[in-house]
Structure formats: C-alpha cells, structure tokens
Amino acid sequence: GRMDLRVHVRGAMRVGATMEPRVRPTSTRAWSKVRISRRTAGWSAFLAWTGSERKGMAQPKGGPYYQDGRAVGKVEEGAKADYGKEIDPADRMNMRKQIVTLVREKVMEHVEPDGRHPQLLRLAAADATTYRFGAPKNIGGPAGGANGSVAVFEEERNQLVEAGLGDVIQQLVKAKEDVDRTWKEQAQRNQALQTPTDISWADMIALAAQTGVIEAWNKTNGGDAKRMDEPFTTRQGRIDRRGIEPYQRMPGWVLSPTPANATAARDWLHGNGFSDAQAAALIAELCGGLDAGMETLQGDPVLAKKAMAFQKNQGAYRKAFQEGFVRMTSLGSSFDPYAYLYDLK
C-alpha cells in the first residue's frame with residue numbers, strides 16, 4: 001500500500017520541506033533506505049535554509065541565493081527600471097566592462113598607492129561581514145552584508161576610522177564622485193536616452209577592492225601565477241542599504257587579522273558557506289597577500305595546512321580567493337540588473 005512520509009524534524013516544514021507519498025518497498029534493504037531518508041529529510045531542509053545545501057530549495061527572503069553553487073545575492077524583486085532594457089546584449093556587456101575600467105582608473109588616480117591593498121579589501125570585507133543571517137523578523141529576514149553601509153552610516157564608518165581606514169574612505173569618496181560624473185558625461189556623448197544612475201557604494205567598494213588586489217598580484221607576479229590584465233568577474237548592480245536596519249558591528253578579525261583570531265575568522269567564514277581554501281585565501285589577502293598572511297594563518301591548523309599547499313600552487317590560491325571574493329561581496333546583497341545602463345538613440 002501507499003504511505004505518507006512526514007518530516008519530523010522541527011522547523012523543516014517551515015522552509016518548504018515536503019515529501020511525496022511513496023510505495024513501501026518490499027525488500028528489507030530498500031525499506032531501510034526509506035527510513036533513513038525519512039529521518040534525514042528535515043536535516044536536509046535545515047541545511048538548505050542555512051545555505052549549506054546550495055541547490056534544490058529556495059533560500060530565505062532577503063538573503064543570498066545560489067546559482068551554480070555560488071552565492072550570487074538576490075535580484076531585487078519587482079524592479080521596474082526604465083533604463084537599459086532596450087540595448088543590445090553586446091552593448092550591455094560592453095557597458096559593464098566600461099564601468100569596471102572606469103572605476104579602476106579613478107581608484108588608481110585618487111587612492112594613494114599605500115592605501116589600496118589590503119585597505120580597500122578590508123573595507124569590502126567590513127561591508128560584507130556585517131551580514132547576519134538570524135536577523136530580527138521586523139526587518140524582513142537577514143540583515144547587513146555587501147550593501148555599502150560602511151561608507152554612508154556613521155556608526156559603521158566610525159569603526160573603520162578607528163581601524164585607520166578614514167583616509168582611504170575619503171579618497172574613495174573622491175574616486176566615486178569622479179566615476180559618477182565621467183559616466184554621465186560619457187552617456188551624454190553617446191546620445192543616451194536617459195541619464196544613468198550613480199554607481200552604488202556597494203559596487204564601488206567591491207570593484208575598488210578588486211582593483212587593489214589585482215594591482216598587488218601583478219607587482220608580486222611569482223611562481224606559476226600569470227599577470228592579470230583583465231579583472232576577474234565581479235557582479236554589478238548591488239543596491240545600497242535602504243530603510244532602517246540595526247547596526248551590526250563587523251568582526252574584529254576583518255580589520256585586524258592576527259594568529260589569535262584566525263580560528264574565529266575561519267569559523268565565521270565557514271558558517272557563512274566559505275570553504276577552508278576560500279577562507280585561507282581571503283584572510284591572507286586581508287593581511288596583504290599569502291607571504292604576509294602566513295603568520296596569521298599559522299594560528300589555525302586548518303588554515304596553516306591550506307597556506308602550505310598554496311605556497312606550492314599560486315594558481316590555486318588565486319582561484320580560491322576569487323571564488324571567496326565573489327561570495328563575500330554577494331552576502332546579503334540585492335541586485336538591480338539594469339543599474340548604470342542606459343538606452344541609446
């Protein structure tokens with residue numbers, strides 16, 4: 001006969017875990033598998049809710065969703081942009097590349113060389129690690145994340161100033177103003193039908209951090225690593241924080257990574273879906289690179305093991321960092337797919 005296998009783990013049904021009625025298997029071995037599936041269904045649902053299970057279930061409202069196993073943020077629901085929808089896909093891709101190039105140029109122009117890396121990466125990490133999955137219900141779910149709040153909200157900005165990033169923020173303000181002005185002028189020269197929107201602080205911070213990392217990599221181009229003349233892929237269109245959201249203090253290891261807080265850093269990153277390799281690479285770059293970060297990584301046995309492997313394979317190190325960077329700069333983000341684009345006559 002048929003039977004209904006119900007999920008018994010508390011909370012599983014709240015995230016949409018359901019099981020279809022199945023025919024009871026005739027063999028003892030087959031029935032054992034069903035009983036195991038019955039016991040673990042709720043746990044699988046819980047993993048999906050927390051983001052550990054990346055495929056097959058909807059992610060929580062407001063938090064990052066996963067695509068091809070990567071955290072890519074949440075596209076803003078109901079976005080009704082009146083710009084950029086009519087342009088050819090090739091032109092759209094070209095505009096995205098132009099934005100990256102423009103940000104890179106203005107960051108190099110306005111941010112002092114000794115303030116680009118790892119300071120810009122620490123700024124991006126500070127913005128992203130305000131993410132809290134278990135946020136109060138009155139703000140609609142997860143809070144914080146890569147939403148530009150560190151540049152515009154006084155409480156968070158003050159924490160960065162205390163960490164010695166005040167000058168970098170001021171220089172980045174000038175770079176952003178230049179990016180916004182130049183992008184609008186370029187749109188006007190191209191006979192745009194609309195004036196494009198300003199780049200969000202969330203995107204400016206992420207792309208600036210990428211600029212600093214690539215510049216540092218090219219200066220220390222050693223081992224099997226190749227020079228990067230083109231930036232690695234980073235999504236655009238992050239929406240800056242809006243409305244009321246409780247202030248979230250960023251973890252101490254972000255602004256001052258040390259051997260003493262290496263395990264705390266790995267725990268935080270691992271708890272938010274980062275692999276040990278991605279965690280090791282991110283922490284190393286927050287210190288200024290793999291060589292500079294070796295002492296900090298030695299504070300945790302798992303990270304130390306990854307660091308030793310990376311010393312023999314710079315390509316793997318950079319790959320792990322890029323994957324971790326994309327994940328980090330998508331935590332808690334919402335995206336406007338048409339941001340900064342404009343239609344042409």
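A salt bridge is defined here as a side-chain nitrogen of Lys or Arg within 4 Å of a carboxyl oxygen of Asp or Glu. The model is predicted, so local features need pLDDT of at least 70 and side-chain atom pairs count only at pLDDT 80 or more, while totals for chains, interfaces and linings use all residues. Residues are numbered from 1 along each chain as its sequence is written, and side-chain values use heavy atoms, with hydrogens and water left out.

**View 1. Salt bridge K176–D180 in helix α6.** K176 forms a salt bridge with D180, and the closest N and O atoms are 2.9 Å apart. Both residues belong to helix α6, where they are 4 residues apart, about one turn of the helix. Helices are DSSP runs of H or I with at least four residues, strands are runs of E with at least two, and both are numbered from the N terminus. K176 and D180 are each buried; in relative accessible area, buried means under 20%, exposed over 50% and partly exposed in between, with a 1.4 Å probe and protein chains only. Side chains of opposite charge can pair when their charged atoms come close. By this rule the count comes to 12 salt bridges.

View 2. In helix α2, K106 and E109 lie 3 residues apart, about one turn of the helix. They form a salt bridge in which the closest N and O atoms are 3.7 Å apart. K106 counts as buried because its relative accessibility is 12%, whereas E109 counts as exposed because its relative accessibility is 51%. K106, E109, D178 and R181 are linked in a network of salt bridges.

**View 3. Salt bridge E215–K219 in helix α7.** E215 and K219 both lie in helix α7, 4 residues apart, which is about one turn of the helix. Their closest N and O atoms are 3.6 Å apart in the salt bridge. E215 is buried, with a relative accessible area of 14%, but K219 counts as exposed at 61% relative accessibility.

View 4. Helix α7 has 19 residues and reaches 27 Å from its first C-alpha to its last, close to the 27 Å expected at 1.5 Å a residue. The expected span is 1.5 Å times one less than the number of residues. Because 18 of its 19 residues are buried, α7 is largely enclosed by the rest of the structure. I205 is found in this helix and is buried, with a relative accessible area of 2%. Leaving aside residues up to four places away in sequence, I205 touches L123, A124, D127, G148, V150, A151 and L172; contact means heavy atoms within 4.5 Å. I205 and A124 are 81 residues apart in sequence, yet their C-alpha atoms are 5.6 Å apart in space.

**View 5. Packing of α7 against α13.** Helix α7 and helix α13 (residues 314-328) pack at an angle of about 170°, with their axes 12 Å apart. Axes are lines fitted to C-alpha atoms, for helices over the stretch in contact, and angles run from 0 to 180 degrees between N-to-C directions. The two helices, α7 and α13, are therefore roughly antiparallel to each other; angles under 35 degrees count as roughly parallel, over 145 as roughly antiparallel, 65 to 115 as roughly perpendicular and the rest as oblique. On α7 the contact is made by A206, A209, Q210, V213 and W217, and on α13 by Y317, R318, F321, Q322 and F325. By class, this contact has 7 nonpolar, 2 polar and 1 charged residues, where Ala, Val, Leu, Ile, Met, Phe, Trp, Tyr, Cys and Pro count as nonpolar, Asp, Glu, Lys and Arg as charged, and the others, Gly among them, as polar.

**View 6. Packing of α10 against α12.** The axes of helix α10 (residues 276-286) and helix α12 (residues 301-311) are 9 Å apart, and the helices pack at an angle of about 80°. That makes α10 roughly perpendicular to α12. The contact involves D276, A277, A279, A280, A281 and I283 of α10, together with V302, L303, K306 and F310 of α12. The residues of this contact divide into 8 nonpolar, no polar and 2 charged.

View 7. Most residues other than glycine have a negative phi, and most peptide bonds are trans. A cis peptide bond joins H117 and P118, with omega about 10°, and P118 is found in the loop between α2 (89-110) and α3 (119-128). Q191, in the loop between α6 (166-189) and α7 (201-219), has a positive phi near 60°. Phi of Y340 is also positive, near 70°. Y340 is found in the segment after β5 (334-335) and is buried, with a relative accessible area of 2%.
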